[in-house]
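Welcome, and thanks for taking a look at this one with us. Have the sequence and the 3D view open side by side as you read.

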Amino acid sequence: MGLEKAKESPEVDANPGSSLEEITELRLGLPGENRGKSGTKRGFSKTVDLDASAVGRDDEANNSPVGGARVKDEVSGAAKPPAAKTQAVGWPPVKAFRKSVMKSCKYVKVAVDGAPYLRKVDLEAYDSYQQLLAALEKLFSCFSICNYASERKIVDPANGAEFLPTYEDKDGDWMLVGDVPWKMFVESCKRLRFMKSSEATGLGPTTQSACTSSS
Amino acid sequence: MAYSFPEEVLEHVFSFIGSDRDRNAVSLVCKSWYEIERWCRRRVFVGNCYAVSPAAVVRRFPDVRSVELKGKPHFADFNLVPEGWGGYVSPWITTLARAYPWLEEIRLKRMVVTDESLELIARSFKNFKVLVLSSCEGFSTDGLAAVAANCRNLRELDLRESEVEDMSGHWLSHFPDSYTSLVSLNISCLGSEVSFSALERLVSRCPDLRSLRLNRTVPLDRLANLLRRAPQLAELGTGVYSAELRSDDFSNLVGALAGCRELRSLSGFWDVVPAYLPAVYPLCSGLTSLNLSYATIQSSELTKLISQCHSLQRLWVLDYIEDSGLEALAACCKDLRELRVFPSEPFNREGNVSLTEQGLVSVSEGCSKLQSVLYFCRQMSNAALLTIARNRPNMTRFRLCIIEPRCPDYITHEPLDTGFGAIVQHCKDLQRLSLSGLLTDRVFEYIGTYAKKLEMLSVAFAGDSDLGLHHVLSGCDSLRKLEIRDCPFGDKALLANAAKLETMRSLWMSSCSVSFGACKLLGQKMPRLNVEVIDERGHPDSRPESCPVEKLYIYRTVAGPRFDMPDFVWTMDEDSALRPS
């Protein structure tokens, strides 16, 4: 009933029982009255705690347990590792593709034994070993990654051949992927090679299970 | 009727009327004008793809050649809209394919586009000319290959800022050798290499190519070859602007660039090495648009470049330019209309560059035509905002982002209410405004009072109470889009201004204090609004009605509730029962 009048007097509250007076009660004082200081109560230090390691939003604005809400992967574009500062999601409002401006592109060659050509991937585009391997799975459809997190096995479903993910580091040594934290890996990796495990001497299942989980 | 014009005459008159608003006004004059107009409307713009059904559009306008659609709300750009929310173009393409065999142009923004849709486009429209996918996602280079292979009359393929699943760069080779009509190509968002020889051959055989925006993988040493094949280019987006160029490679590049006498717009410049920037100096005096927002070079290099661009109208740059560079800009680029300064390190609390409010003040003083600003900085004062407002009453778009939420005037420690108040008071034609910093309800009072031409307002971490929202909704006569996050706005203002929402395209509110109960009430009372509650914590019924919803998206529609929602979105409707997906 209130809404038919809404066109002429938008102040009419759709909620029965409240009135125009209620709204005008909330009105600020006369122009010129000093209200400025009250706003500063909600200091930003409480809202955006940049030293906390927990990633989340502080919902002082509303008293609901929204802080528990799932925060999307790109928390303001900061990398996933919890070492990133606490940021409100989507703040500052910088589009996703711009966030990569500061990242240097780190394209490395990826070779798979038996594949006719190599590919290149940008290591900076991923936040974890899991993401990298998932992307490589798409690029090289010849193998699938079985439960990398637990089994850490990469197999060719066609013939069951197992691959070991290896990489050449800055010193020119060939290393097994997964031992060092992700960031360190990105920093030192020059190229990737998926070696057929039958060719890998001295590296066996025990070495695979010794891999640390992706950081 | 003896005294009416023949239809053909009216139709001819209408053909001079291009703007949608004018066309809409024409169609309201009388029934016969409505009929005539609908048969001769050739271009349709749907600002919210859920505001109307594709069937209704084709029913009303039987012979359309150009369609533009927008999907997700603007805050989707900042990851505030969860994945899977919606914005699917597929039902539109299906309908358009059936209804408009002569469709020539499709422009989409923030929509989910599949390869199937791209393939359908490629197959269905024999005279297809323009495909613009702006901030879209959901498709791969396979879809692009279908377009390249089949659209013989394609003029424009622009993928700006879209997220494309990159299967490989081979899609470009699908343009047949007989294809020569390319005018504009923007692949700057693609990650993988395209075949350079295919690109060179394509560029060679398309004499009308005017705009070419490459992606990061095109190396600098291939650029010269491309440019020699397209000296008529007006817009160039370079690939990566770094290499180990031998001196003859470098002079080759200089020569090739200098040969492009029509070049007015430059962009790209990823990983730019300052030593190679002088290659573009000969072009500077003719440049009207310069996008250096990927150029991670220091102020002195930027200043050297910009100081030569006396015709510059648009500049996008990183905050590496610093106040000193902006002073030079103010002194040298008197034709500047648009300035965007992006943050090089947005997630650092500490500033890394000497860019303050002073830079913007300088530009506002020196550039009398400046009307569009997007400025990221770490400090601001009311005094500076007042100066800017007084200098530039012709400002139409003013978006200020002070990186720290709720940051006060750094000199007086007051809120920035009066500063933004000055902006809306002096800039009477202001169409778009984004607020930041410490703000109380007072700033909204100013906005409601003065910002009568304001069409889009973005608010974050501001205000004290419902009164703030009430001021905006009741005062801003031209408001079409309002997006709010992390503000203490709740039920009262929203419900009191329910009718206003039907005069707007949309309202977005996230991390505010609007209760589920109020959403239900609004949905019940306003059948021509879709009131969407977006909440990833599970069904709102599992919480008290007074509990605020996570996110709320309200938009006017004649299509009723949609049925393609994921399980964390509910439309409040007349039954006052939830309508789950």
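## Chain A in outline

Please keep in mind that this is a predicted model. Chain A contains six helices and seven strands. If you follow the chain along its sequence, the elements come in the pattern α-α-α-β-β-α-β-β-β-β-α-β-α.

Chain A has 215 residues, and 39% of them count as buried.

Now to the charged side chains. Side chains of opposite charge can pair when their charged atoms come close. Over all chains, the structure holds 37 salt bridges.

One of them brings together the side chains of Arg110(B) and Asp77(B), at 2.8 Å from N to O. This pair links distant parts of the chain, 33 residues apart. Arg110(B) sits in the loop between strand E3 (105-109) and helix H6 (115-124) of chain B, while Asp77(B) belongs to the loop between strand E2 (66-70) and helix H5 (90-99) of chain B. Are these two residues buried or exposed? Both Arg110(B) and Asp77(B) are buried.

## A partly exposed pair

Further along chain B, the side chains of Lys453(B) and Asp429(B) form a salt bridge of 3.3 Å, N to O. Lys453(B) lies in the loop between helix H16 (441-450) and strand E18 (456-460) of chain B, and Asp429(B) in the loop between helix H15 (417-426) and strand E17 (432-434) of chain B, so the pair ties together parts that are 24 residues apart in sequence.

Why does Lys453(B) count as partly exposed? Because its relative accessibility is 43%, and partly exposed covers the range between under 20% (buried) and over 50% (exposed). Asp429(B), at 42% relative accessibility, is partly exposed as well.

## Sequence neighbours and a network

Arg485(B) and Asp486(B) also form a salt bridge, with their closest N and O atoms 2.8 Å apart. Arg485(B) and Asp486(B) are both buried.

Finally, salt bridges that share partners join four residues into one network: Lys95(A), Asp77(B), Arg110(B) and Glu161(B).

Methods. Residues numbered from 1 in each chain as written. Chains lettered and ligands numbered in written order. Predicted model: local features only at pLDDT ≥ 70, side-chain atom pairs only at ≥ 80, totals over all residues. Heavy atoms only, no water. Helix = DSSP H or I, 4+ residues; strand = E, 2+ residues; numbered from the N terminus. Buried < 20%, exposed > 50% of the residue type's maximum accessible area, 1.4 Å probe, protein only.
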